[in-house]
Amino acid sequence: MSSIPLSQQASASAPADLRQPRYLEGLNPEQRAAVEATEGPVLVLAGAGTGKTRVLTTRLAHILATGRARPFEILSVTFTNKAAREMKHRVGQIIGEAVEGLPWLGTFHSIAAQILRRHAELVDLKSSFTILDTDDQLRLIKQILQAEGIDEKRWTPRHFGSLLDGWKNRGLTPDMLGEEDKWTFADGRAKDLYALYQQRLQVLNACDFGDLLMHNLTIFKNNPDVLALYHRRFRYLLVDEYQDTNVCQYLWLRLLARGSGNLCCVGDDDQSIYGWRGAEVDNILRFEKDFPGATVIRLERNYRSTAHILGAASGLITANRSRLGKTLWTEDDPGEKVQVRGLWDGEAEARFVADEIESWTRAGGEHAGCAVLVRASWQMRAFEDRFIMLGLPYKVIGGPRFFERAEIRDAHAYMRLVRAPEDDLAFERIINTPKRGIGETTVQKIAAAARSARMPMTEMARAMAGTDEIRGKARTALGVFLRDLDRWRDQAEAMRHDELAELILDESGYTAMWREDKSPQAAGRLDNLKELVRSMGQFDTLEAYLEHVSLVSDLDREESGDEVSLMTLHAAKGLEFPLVFLPGWEETVFPSQRSLDEGGTASLEEERRLAYVGITRARERAMISFTANRMIFGRWQSVLPSRFIDELPADHAEAKSETGYSNAGPGFEGVSEPTDAFRSSYDSPGWKRFKAAQSSAARRDPGVIEGKATLIDSGKPSRWNRGDRVFHMKFGYGTVKLADGEKLTVAFDKAGEKKVVASFVEGV
Ligand code: ATP
Ligand code: MG
């Protein structure tokens, strides 16, 4: 008789492959190896769509399922909150309720904020510290530059802000700055200003984004006992999109990983697109050096895209010189070649994209399967206009985000001030919003006095309101405002925070201010305020809500319904869609003007990686487009197709002609007949003539305007009424204010009010 317990007998007699858990089943051998190599450092270095994120999720589930660690002992860093939610969801699907939250799964910033709240006192903060957004940050810098008498025109707050970010991304505190860093701003004062800025933050009990990780580093370095705590806590560390970590994040990971040594990073050097924010692709390249004995696993099979899409992307990226080089293959159908279209202008491009989406949905596709990925957010408006006009459902991911709108920031400032009286930035923001008769001079007076007494502005205001320092109307108004604040603070004890928010917005006169506002945006702002109160209600406390707000990156938003996604290429990282549009592939748009002006080859290569990221988001179809004319910041410019179009291998990409120019890129010599009047002047049979025609169009400035207007309006009498929406070649969209025969006065959305000739505009 065997003495082996029954359970072990069963497992011992079962063939190995039958004992394999379900979640390991569909993985290929390399993926599986990456999942099962739980101990020691592991790097998965592989191209787009090869299942890196899937490996990470499965690995997390595997660690939990095999009892190697409990949910709170695993640190998983993903790129966006959305990715974190997705990961949680997927792990939950594998192991069910055992997930129990996974408290340490999130973005670098959210995890660093959690850690910092626990040990804030070690860097002289209180655990209730506020996280400043870029707007607050700029306001603070401005104050400091003003107080220090620095010429803001010559030394702009924005410039200093980007220097600050740069230092913080490298984990450099003021005392760590070198001699040469000093001279990067205000004639050698950079270091002092940085130190002043940090002091101000401390007084405000606040952090900027860069501080979150930097303070973590300081805490870990100065307090070995705290670091040891996290060494014991984090038995496994998992990192997605490792190619985009900056120096500070890298140091943070390295410190934390010293505990268990079980660090698994996945990434793709070809998708490193955050160099401009301090990401160091070298981090991934030196992994083996930093973590000796690391297991490096390469995945080569792409499961996402068709062969043509993969071929086009792989062909394009070979133009980059600094890369490791990888093999990628797929068993997928070749599918259709990547489509390249040339259009007349942005509007035509938006029409084209919307038409394609409509035929996709007519054929049974979902809106949610489509994504429009742009290089810069200004490109979105044309698409939004078109989608709204057609009633095509869409969502903007990472546009001007909800939480950045003025009315939302104002409302937050009220809430912040109620919660934390020392929040001077909030105080300044709302002290006279809505207008209470407390003018700039009074505010400056309070600010200066508060600064020299090193006390919060609210407190100083309270002191001054009782003296003759402030007189008349301002004094009365200030008194009322301070009493309001006290009352709201009392009410905060007894009321739900969303109800309190509503009450404050009403009692402060803020809602009324927008109700009385006659501008076209006012109604939208009131809607946003309602939406704000609603979204606050989803959190248990005001603190939880504010924490959420300061951490949702602009790449995040809630998912909902069947909608086309409109977002920047940066925001699209890690995502996939059956149908992807890549508009605006023009020199100066993509690659961007900035990358062409500054940064040389390195910048251009980063742009090319961004193009690679864009194409590889597509599963079934990718459509690239460019225009001949582009309105950039209110000015018409004639533009050239992107060099990236030339770099697409002709085997995998083709130009089609029904909507636009057909002669794009190498191997795209064939041209069909132009289909409308515009193109009749560009019926040249080759790429070169297309470009030549473009530049001559640019020279014919007024001619083009007249030409276009006459062509469109030929035969139609130009009769306009007040309120009509029109489009002008040079000034863009606008509303007719006054029509006097051929003379129109139009309020243009961007260019302001102008007098124009009726035949130069078209109806929209
Ligand atoms: P990116 O570099 O864009 O972040 P990735 O390497 O993280 O891509 P995933 O997003 O994990 O790739 O996977 C791409 C797609 O391939 C997903 O739809 C995923 O479900 C699928 N996939 C990955 N591995 C397999 C597999 N072994 N069998 C079937 N499908 C797979
Ligand atoms: Mg991924």
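Reader: Is Asn205 buried or exposed?
Author: This is a predicted model, and Asn205 lies in its loop between H10 and strand S5 (206-207). The relative accessibility of Asn205 is 4%, and the limit for a buried residue is under 20%. Asn205 therefore counts as buried.

Reader: What is the phi of Asn205?
Author: Most residues other than glycine have a negative phi. Asn205 is not a glycine, and yet its phi is positive, with a value of about 55 degrees.

Reader: Where is Ala186 found, and what is its phi?
Author: Ala186 is found in the loop between helix H9 (179-182) and helix H10 (190-204). Ala186 is buried, with a relative accessible area of 5%. Although Ala186 is a residue other than glycine, its phi is positive, near 45 degrees.

Reader: Which peptide bond has omega near 5 degrees?
Author: Most peptide bonds are trans. A cis bond joins Thr433 and Pro434, with omega about 0 degrees, and Pro434 lies in the loop between helix H20 (424-430) and helix H21 (440-453). Another residue to look at is Pro591, in the loop between S13 and H28. The bond with omega near 5 degrees is also cis, and it runs from Phe590 to Pro591.

Reader: Which strands stand at the edges of the open sheet?
Author: The open sheet is formed by 6 strands with parallel pairing, in the order S3-S2-S6-S7-S1-S8. Each edge strand has a single partner strand, so one side of it is left without a neighbour in the sheet, and the strands in this position are S3 (105-106) and S8 (295-297).

Reader: What is the bridge partner of Leu238 in S7?
Author: Strands of a sheet pair through backbone hydrogen bonds, either parallel or antiparallel. Strand S6 (residues 236-239) and strand S7 (residues 263-267) pair in the parallel sense over 3 bridges. The partner of Leu238 in S7 is Cys264.

Reader: Between which domains does the second largest pocket lie, and why?
Author: This pocket holds about 1,200 Å³ of space, and among the 48 residues that line it, the closest to its centre are Glu86, Arg90, Gly574, Leu575 and Glu576. Because both domains give residues to the lining, the second largest pocket lies between domain 1 (6-114 + 216-301) and domain 3 (310-393 + 564-700).

Reader: Which element supplies the largest share of the lining of the second largest pocket?
Author: The lining residues divide into 12 nonpolar, 19 polar and 17 charged. The largest share, 7 residues, comes from H5.

Reader: What distance separates the C-alpha atoms of Pro583 and Met380?
Author: Pro583 lies in the loop between S13 and helix H28 (593-597), and at 2% relative accessibility it counts as buried. Beyond its neighbours within four places in sequence, Pro583 is in contact with residues including Val372, Gln379, Phe383 and Ser625. Pro583 and Met380 are 203 residues apart along the chain, and their C-alpha atoms are separated by 9.9 Å.

Reader: What share of the contacts with a separation of 6 or more is accounted for by residues 24 or more positions apart?
Author: The protein chain has 33 helices and 22 strands, and of its 764 residues 52% count as buried. Among the contacts with a separation of 6 or more, the share from residues 24 or more positions apart is 72%.

Definitions and conventions. Residues are numbered from 1 along each chain as its sequence is written. Chains are lettered from A and ligands numbered from 1 in the order in which they are written. This is a predicted model: local features need pLDDT of at least 70, side-chain atom pairs count only at pLDDT 80 or more; totals for chains, interfaces and linings use all residues. Side-chain values use heavy atoms; hydrogens and water are left out. Two strands pair if DSSP finds at least two bridges between them. Helices (H or I, at least four residues) and strands (E, at least two) are DSSP runs, numbered from the N terminus. On a 1 Å grid over the protein atoms alone, a cavity is a set of points where a 1.4 Å probe fits but cannot get out, and a pocket is an open set with protein on both sides within 12 Å along at least five of seven lines; lining residues have an atom within 4 Å of a point. Grid points are joined across faces, edges and corners, and a volume is the space filled by probe spheres set on the points. Ala, Val, Leu, Ile, Met, Phe, Trp, Tyr, Cys and Pro count as nonpolar, Asp, Glu, Lys and Arg as charged, and the others, Gly among them, as polar. Domain bounds come from an automatic or database domain assignment. Buried means under 20% relative accessible area, exposed over 50%, partly exposed in between (1.4 Å probe, protein chains only). Contact means heavy atoms within 4.5 Å.
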